Amino acid sequence: MTKNNWTWLFFAWFVAAVAMLGSLFFSDVMLYPPCTMCWYQRIAMYPLVFIFGVALFSYDKSVVKFSVPLVMIGWFFAFYHNLLHYEIITEEMTPCSMGVPCSVKYIEWFGFITIPMLSLIAFSLIAVSLVMIKRSENA
């Protein structure tokens with residue numbers, strides 16, 4: 001693994017770690033209960049912290065192959081959750097039938113940054129990092 005790849009991998013790990021700690025902060029400190037779609041995004045994000053962490057120290061090139069499915073699944077749920085928050089799709093089209101509704105906006109910074117938007121940004125940044133790693137491996 002080249003130094004440039006290690007830097008991109010560290011960036012992906014950092015983004016995943018901040019996303020994980022941020023979600024734990026919102027649920028455990030701010031006491032915002034996560035909805036069903038938030039749980040799906042967490043299920044995709046949390047393992048990435050460990051996958052990237054191990055790959056940083058073992059210099060494992062196959063990290064892209066193992067992490068892309070989680071990133072794509074998480075990105076899809078984050079994107080879908082944002083469609084719900086911005087009322088492009090209706091509440092009836094979500095898996096949130098019990099507990100906290102998926103349409104609840106606990107935060108709305110600058111009029112558009114919500115928790116699902118933060119998740120979408122995190123998964124997108126991680127995806128860009130993985131693309132950069134794969135691109136330099138193929139070069």
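1. Ground rules. This is a predicted model, where local features need pLDDT of at least 70 and side-chain atom pairs count only at pLDDT 80 or more, while totals for chains, interfaces and linings use all residues. Numbering runs from 1 along each chain as its sequence is written, and side-chain values use heavy atoms, with hydrogens and water left out.

2. α2 against α3. These two pack at about 155 degrees with axes 9 Å apart (axes are lines fitted to C-alpha atoms, for helices over the stretch in contact, and angles run from 0 to 180 degrees between N-to-C directions). That makes α2 roughly antiparallel to α3 (under 35 degrees is roughly parallel, over 145 roughly antiparallel, 65 to 115 roughly perpendicular, the rest oblique). Helices here are DSSP runs (H or I, at least four residues), numbered from the N terminus.

3. Who touches whom there. On the α2 side, Met37, Tyr40, Leu48 and Phe52 are among the residues that meet α3, whose partners include Phe66, Leu70, Phe77 and Tyr80 (contact means heavy atoms within 4.5 Å). The contact of α2 with α3 divides into 17 nonpolar, 4 polar and no charged residues (Ala, Val, Leu, Ile, Met, Phe, Trp, Tyr, Cys and Pro count as nonpolar, Asp, Glu, Lys and Arg as charged, and the others, Gly among them, as polar).

4. α3 against α4. The angle is about 150 degrees and the axes are 8 Å apart, so α3 and α4 are roughly antiparallel to each other. Trp75, Phe79 and His85 are among the α3 residues in this contact, and the α4 side includes Phe123, Ile133 and Lys134. By class, the α3 and α4 contact has 15 nonpolar, 7 polar and 1 charged.

5. α2 against α4. Helix α2 (residues 36-58) and helix α4 (residues 115-138) pack at about 40 degrees, axes 12 Å apart, which makes α2 oblique to α4. Gln41, Ala44, Met45, Leu48 and Phe52 supply the α2 side, and Ser119 and Phe123 are among the α4 residues they meet. That contact has 9 nonpolar, 2 polar and no charged residues.

6. The largest pocket. Its volume is about 540 Å³ (the space filled by probe spheres set on grid points, which are joined across faces, edges and corners). A pocket is an open set of points on a 1 Å grid over the protein atoms alone, where a 1.4 Å probe fits, with protein on both sides within 12 Å along at least five of seven lines; lining residues have an atom within 4 Å of a point.

7. Its lining. There are 34 lining residues, with Ala19, Ser23, Ile115, Leu118 and Ser119 nearest the centre. α1 (3-29), α2, α3 (63-85) and α4 each give two or more residues. The lining has 25 nonpolar, 7 polar and 2 charged residues.
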